[in-house]
Amino acid sequence: QVQVVESGGGLVQPGGSLSLSCAASGSIFSIGIMGWYRQAPGKQRELVATITSGSMTNYKDSVKGRFTISRDNAKNTVYLQMNSLKPEDTAVYYCNAAVRASTRPAYAAYWGQGTQVTVSS
């Protein structure tokens, strides 16, 4: 079975930095686009950043210049480096990956369990 596991959340002061990691494991044939999403209290889940298998990136406007998404295809891992964090970045951050399992004919979306990021003084 394909699993997606996130790590790296925590509490940080405004202006600080955090780095999130998300690793896919299991019987994987290939991984397409990967991304990070977040959901703040009382708000809908929103896209933060995506990265293709060829490392082409896309960002939510409010995080451009502060967040950097990257991936290591050999490790089936996507990262989110978050700098200059603001209180409004507080949310549960979720990893998503389009994965084609070795035993399946098509890609499917897999979600991580979510990791809490809290930006507060």
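A salt bridge is a side-chain nitrogen of Lys or Arg within 4 Å of a carboxyl oxygen of Asp or Glu. With that term in place, I would like to present this structure, which is a predicted model.

Let me begin with the charged pairs. Side chains of opposite charge can pair when their charged atoms come close. How many salt bridges does the structure hold? The count is five. In one of them, arginine 38 is joined to glutamate 46, and the closest N and O atoms are 2.8 Å apart. Is arginine 38 buried or exposed? Its relative accessibility is 5%, so arginine 38 counts as buried. Glutamate 46, by contrast, has a relative accessible area of 23% and is therefore partly exposed.

Glutamate 46 also takes part in a salt bridge with lysine 60, where the closest N and O atoms lie 3.2 Å apart. This pair links distant parts of the chain: glutamate 46 belongs to strand 5, residues 46-51, while lysine 60 is in the loop between strand 6 and strand 7, and 14 residues separate the two. Lysine 60 counts as partly exposed, because its relative accessibility is 26%.

A further salt bridge connects lysine 64 with aspartate 61, with 3.1 Å between the closest N and O atoms. Aspartate 61 is exposed, at a relative accessible area of 61%, whereas lysine 64 is partly exposed, at 48% relative accessibility.

I turn next to the aromatic rings. The structure holds one aromatic pair. There are also arginines placed over rings. The charged end of arginine 45 sits over the ring of tyrosine 94, at 3.7 Å from the ring centre. Arginine 100 lies over the face of phenylalanine 29, 4.5 Å from the centre of that ring.

Let us now consider strand 7, which spans residues 67-72. Phe67, Ile69 and Arg71 make up its covered face, and Thr68, Ser70 and Asp72 its uncovered one. What is the sense of the pairing between strand 7 and strand 8? The two strands pair in the antiparallel sense, over six bridges, with strand 8 covering residues 77-82. Isoleucine 69, a member of the covered face, has leucine 80 in strand 8 as its bridge partner. Four residues lie between the strands of this hairpin, and asparagine 76 takes a positive phi near 55 degrees.

Threonine 118 is partly exposed, since its relative accessible area is 25%. Which residues does threonine 118 touch, leaving aside those up to four places away in sequence? The contacts are Gly10, Leu11, Val12 and Thr90. The side chain of threonine 118 is also joined to that of glutamine 116 by a polar contact of 3.3 Å. Between threonine 118 and leucine 85 there are 9.4 Å in space, C-alpha to C-alpha, and the two are 33 residues apart in sequence.

To close, I would return to glutamate 46, which forms salt bridges with arginine 38 and with lysine 60. Thank you for your attention.

Notes: Residues are numbered from 1 along each chain as its sequence is written. This is a predicted model: local features need pLDDT of at least 70, side-chain atom pairs count only at pLDDT 80 or more; totals for chains, interfaces and linings use all residues. Side-chain values use heavy atoms; hydrogens and water are left out. Buried means under 20% relative accessible area, exposed over 50%, partly exposed in between (1.4 Å probe, protein chains only). Two strands pair if DSSP finds at least two bridges between them. Contact means heavy atoms within 4.5 Å. A polar contact is a pair of N or O atoms within 3.5 Å; within protein, one must be able to donate a hydrogen and the other to accept it, and residues adjacent in sequence count only if both atoms are side-chain atoms. Rings of Phe, Tyr and Trp (its six-membered ring) pair if their centres lie within 6.5 Å; planes under 30 degrees apart count as stacked, over 60 as edge-to-face and the rest as tilted. A charge sits over a ring if NZ of Lys or CZ of Arg is within 6 Å of the ring centre and within 35 degrees of the ring normal.
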